[in-house]
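This briefing concerns the arrangement of domains within a chain and the contact between them. Please consult the sequence and the structure shown here while reading.

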Amino acid sequence: MDKLIHGIAAEGTIRLMAAITTETVAESIRRHETSPTASAALGRTLTGNLLLGSSLKDYDRLTVKIESEGPIGAIVTESTPEGTVRGYVRNPLAEAPQKDDGKFDVSGIVGDGTFYVIRESGYQMGLHRDPYVGSVPLVSGEIAEDFAYYLAKSEQIPSAVLLGVLLQNSEPYVSAAGGILIQMMPGANEHLITMIEDTLNQAPHLTSVINDDAKPVDLLKLALGEIPFDVLEESEIGFKCNCSMERAISLVSSLGAKEVRSMLDEDKGAVMDCGFCSENYTIDKSGLQEILGKMN
Ligand code: ZN
């Protein structure tokens, strides 16, 4: 199971979050069969969503969505406070040649666009509150920088964000994934901020450290160098979709009797793909008849 930790430094003026998401990202890209560069884009966004979500309180569902003008089209991820996440990209086969340094050219398939954060709360208790929606233009298309820009611009929290996905040629295709989110709260010492920035600039690649079996706490050590910190909490995170046959049936029922009858007569059944996890749900003739029977 993947893990996420919370910590603080400098009397709580610096908030720290780190996550290893190797299994979570592997499961997502296995389901969507994304190209290598699209896998990196999706994996970074899933990881960023989990980190951002863990820094927040009071929400039921956190959506981070990138509407892109590039070949990938869109990246959509959703997480819950329980640490589960799911997501997809609009064009899973979008691809670009690797950069000269061997890194994926994520910005090459994302390009310009808009970064959205949507926070919904209350609906699990039957309250219908308007969701909180924040958005900023994409500044880099490399995802981590876009999370940092969003936090600085929209939430007024200066932040450092590192997100990484390392792929391999054989299953499960992801050898390492993870990320760090560091938030400077009001009163954070400027000198410490500069120290962290310098440390991060000289740190080895996040994914190579994760590939060497690092734990989330090791990622924080990597980011903070000499600065002492306390770990407050560790939690499990992972891929999870909330689709089900039951939901597929209620979706078909909601289309109304006329539509269900035409599915029965013309298609002899209904097949639905969940966009978030690529799971298939097939309702055969007798299933549709049963749905119709309950409507009358
Ligand atoms: Zn699903």
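The model is predicted, so local features need pLDDT of at least 70 and side-chain atom pairs count only at pLDDT 80 or more, while totals for chains, interfaces and linings use all residues. Residues are numbered from 1 along each chain as its sequence is written, and side-chain values use heavy atoms, with hydrogens and water left out.

**Extent of the interface**
- Eight residues from domain 1 and five residues from domain 2 make the contact (heavy atoms within 4.5 Å).
- The buried area (accessible area, 1.4 Å probe, lost by two parts on being put together, summed over both) is about 590 Å², with 56% of it on carbon and sulfur atoms.

- One salt bridge is counted between domain 1 and domain 2 (a side-chain nitrogen of Lys or Arg within 4 Å of a carboxyl oxygen of Asp or Glu).
- Arg31 and Glu279 form a salt bridge, in which the closest N and O atoms lie 3.1 Å apart.

**The side of domain 1 that touches domain 2**
- Helix H1 (22-32), strand E4 (74-79) and strand E5 (84-89) each give two or more residues to this side; helices (H or I, at least four residues) and strands (E, at least two) are DSSP runs, numbered from the N terminus.
- E5 gives the most, with three residues.
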